[in-house]
Protein chains: 2
Amino acid sequence: MVRPAPVAPLLALAFLLTACGVTRPTPAPTTTALGPVERILANGVRVVVQEFRASEVVALQLWVRAGGRDEAASELGLAHYLEHMLFKGTTTRPRGFVERDVEAAGGRINAGTSLDFTYYHVVLPAARARDAIEMLADVAVNSSLDPRELELEKKVVLEEMRLGEDSPRRRLVRQLYERLFDGHPYGRPVLGTPELVRGLARETLRSFYRRHYVPEAFTLVVVGPVTPGEVLAAAEGTLGRLPRGGVSRLPAPPPPPLVPVRLDTERPGSQAHLALGWLAPRLDSAETPVVDLLAAILGQSRSARLVQALREREPVVSSISAGYSALEAAGVVTVTAQLEPANLGRAEAGILAEIGRLRSAGVTPEELRRAVTAAEARHAFSLETAEGRAFGYGRAETIWRLEEELAYIDRVRSVTAEQVRQAARRYLDPERYVRLAFVPRPR
Amino acid sequence: MVRPAPVAPLLALAFLLTACGVTRPTPAPTTTALGPVERILANGVRVVVQEFRASEVVALQLWVRAGGRDEAASELGLAHYLEHMLFKGTTTRPRGFVERDVEAAGGRINAGTSLDFTYYHVVLPAARARDAIEMLADVAVNSSLDPRELELEKKVVLEEMRLGEDSPRRRLVRQLYERLFDGHPYGRPVLGTPELVRGLARETLRSFYRRHYVPEAFTLVVVGPVTPGEVLAAAEGTLGRLPRGGVSRLPAPPPPPLVPVRLDTERPGSQAHLALGWLAPRLDSAETPVVDLLAAILGQSRSARLVQALREREPVVSSISAGYSALEAAGVVTVTAQLEPANLGRAEAGILAEIGRLRSAGVTPEELRRAVTAAEARHAFSLETAEGRAFGYGRAETIWRLEEELAYIDRVRSVTAEQVRQAARRYLDPERYVRLAFVPRPR
């Protein structure tokens, strides 16, 4: 429940949640049902624009085909470090431009780095869309990588690492990736290591920037009350003028075969954490919608198999969930649980028993229907805001295909119960998986 | 920056952030520029509907004209406690209906209680709008207030109180309200007191429910891809059938004149907290847009007066901000800061000096423009989602007027620099205010 303080932030904010715009019919009513427009500029920059007139807010995102997996072993953490530095000033924008320019216009700016990509996103009132495109083009290639800022930022990144380490679940999942992708770029930490971050030199970062931040690696996504022609012209006049980099990204190699691992690690705390992992289809597989539903039926709601069997009917765990992450070169199905240390064996056996039942008897029509409904709902929520739409388009255009993204929920709807059972048989081998546990350190 | 873990929640979620719907042009393109439709049913229930086709998500909110200020001194916390209990089952919906019905449909449900109102809100795929209206009508009058659930919920509410107490800023602002509204209902805690919560009897709660949850107190707001006629019919067939309560709510009395207070309270911690408060216009005043801009210029951005003077130019405080809360019967302007205890005197003097300058020399056109831009941006963000729109309409219809809400941002745009100066002179008396401070307890 929302906290009901007399001056809760919600209320303070809400005072300006007014709605006058909607009472004035626009001269030429526009529909929000138009699809995105896609264009590749002469130098290789991709542009995706969607006119979306739900509000006056425009979302602008610059996606870069460079992430953790593009780093050499000596470069771990560079993609992420660069993401931080791009907010620290360019040759024409001094340090502090985020607060000065973006926040002064009422906007917000943020960024994220993953194994497959890095992206920068801005949301602000539509009148400022052109300025934001210019700013994104500027940070994309003109970041000054100021040596003093670079040193100062080390503290921030090291702190981010410590926070990640403090979360048992995050740490456990990262270790699961290390084991599932042993020797593969997906097995490496996106944040790098404290040693590499402490010793990071400007020249190293600059070289990574020059190599990976090139027109062929960029996708600009703009969603909001904009005219596609104007956005395309602005993109041409900014990102479109950059000289080609002339290098293309190496495809990520397929993952090595899974090597089963069982490992207990001691950690402070009173609860144990358990994680099981399997390799699963990569993002562009025809089976991603099937495995999505499989993971949902296993453990993504209160009525899911594992939740019912191991928490509701007989409380072996205090929480349990299943997930499917589809990356460009491989996917991962995980089951994670939090539990009393004494229940580790029973929990693992219970998880495998449920998976065995799924593999032999399959799923019920009712289970499948619920999972499709949940997927439709998440889909609908993701389309509510300009930012949510832009994220889906940008990610698809960067590491997948926009048309696949647009057709995805229809694929989900057409999945059959038998396909789910077959996917469980194909991917969830009850004899070959990685199993990691954190167990409380005896005091 | 977004945390870039390989399986960050953002990515896991994002996999279903697909966007197929937008590629199929709807047969009859609809515009989002239509205003809300307002209707009062025969028994007094108000209904506000807006067809808003930005996505497939519908927001449904039940607003109730009952909040902290409607409680007698012996009833403190009842409005909030009732808000919690309404999710615990009705005569036809067993405990757990939230997870079972709402989450199974892919929806979310929540609620909030303030001094002036309580509201319940649901967002879910539009196909389930009718079910949600039925559910809201059911919880509105048929809550079973199960004695066992009531006892169990005491722990939850007491924990919520403890959390509020742990936040120095929340606690300080609550104490500011106690002093500004001494003897007035706005001076009382919405959560009640631990003693009253521990001793709460079902009959007391039930009596409050019967008295305040009546048709005349309800507003149903529905925003999303719905047909207003169908929503109105569903409202007629559910909420519209309830018998009138026949009692109308007492208007909140005007606040007593401000009695200046200066108070230091010891608290654990190393930093000090300072809060200054003044009485300001109530929500329906013609001056609310002016005072909104005044507060923004004083302390709601990096370029604001107090932030520049007391943090950027000369670091007297580690953070400082100003705010304006407009309630139904009165408003409050607050300035809060976090600082080294040794700087308390300098900070207060600095705040008063800036207020003095505002009162004598007024604001610059540039400051006013920036504040209007920020207000426009917040306004635009609030209209992005069905939920944001519904909140604005519901609040306006409950404690203000919908047409004022719809005109509000235009009012903000027409404010002059001289009006802001006059408001500073009228409301921010540098000799009459409440000043509270938390100072670290000596160890």
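The radius of gyration used here is taken over C-alpha atoms, and the globule rule is 2.2 Å times the number of residues to the power 0.38. For the 443 residues of chain A, a compact globule would come near 22 Å, and chain A has 24 Å, which agrees. This is a predicted model, in which local features need pLDDT of at least 70 and side-chain atom pairs count only at pLDDT 80 or more, while totals for chains, interfaces and linings use all residues. Residues are numbered from 1 along each chain as its sequence is written, chains are lettered from A in the order in which they are written, and side-chain values use heavy atoms, with hydrogens and water left out.

Along its principal axes, chain A has C-alpha atoms that fill a box of roughly 60 × 55 × 55 Å. Its secondary structure comprises 16 helices and eleven strands, taken as DSSP runs (helices H or I, at least four residues; strands E, at least two) and numbered from the N terminus. Of the chain A contacts (heavy atoms within 4.5 Å) with a separation of 6 or more, 81% join residues 24 or more positions apart.

Buried residues make up 59% of chain A; buried means under 20% relative accessible area, exposed over 50% and partly exposed in between, with a 1.4 Å probe and protein chains only. Chain A exposes about 17,400 Å², of which carbon and sulfur atoms supply 53%.

Next come the charges. Side chains of opposite charge can pair when their charged atoms come close. A salt bridge here is a side-chain nitrogen of Lys or Arg within 4 Å of a carboxyl oxygen of Asp or Glu, and the count over all chains is 72. In chain A, a network of salt bridges links A:Arg69, A:Asp70, A:Asp116, A:Arg249 and A:Glu328.

B:Glu134 and B:Arg130 lie four residues apart in helix 4 (residues 129–142), with their closest N and O atoms 3.4 Å apart. B:Glu134 is partly exposed at 32% relative accessibility, as is B:Arg130 at 46%. In helix 5 (residues 147–166), B:Arg162 and B:Glu159 are three residues apart, about one helical turn, and their salt bridge has a closest N and O distance of 3.0 Å.

Another salt bridge of chain B joins B:Glu367 to B:Arg305, with the closest N and O atoms 2.6 Å apart. B:Glu367 lies in helix 13 (residues 365–382) and B:Arg305 in helix 11 (residues 305–312), so the pair ties together parts 62 residues apart in sequence. B:Glu367 is buried at 12%, and B:Arg305 is buried at 13%.

Notes: Accessible areas come from the Shrake-Rupley method with a 1.4 Å probe; for residues, only the protein chains shown count as cover.
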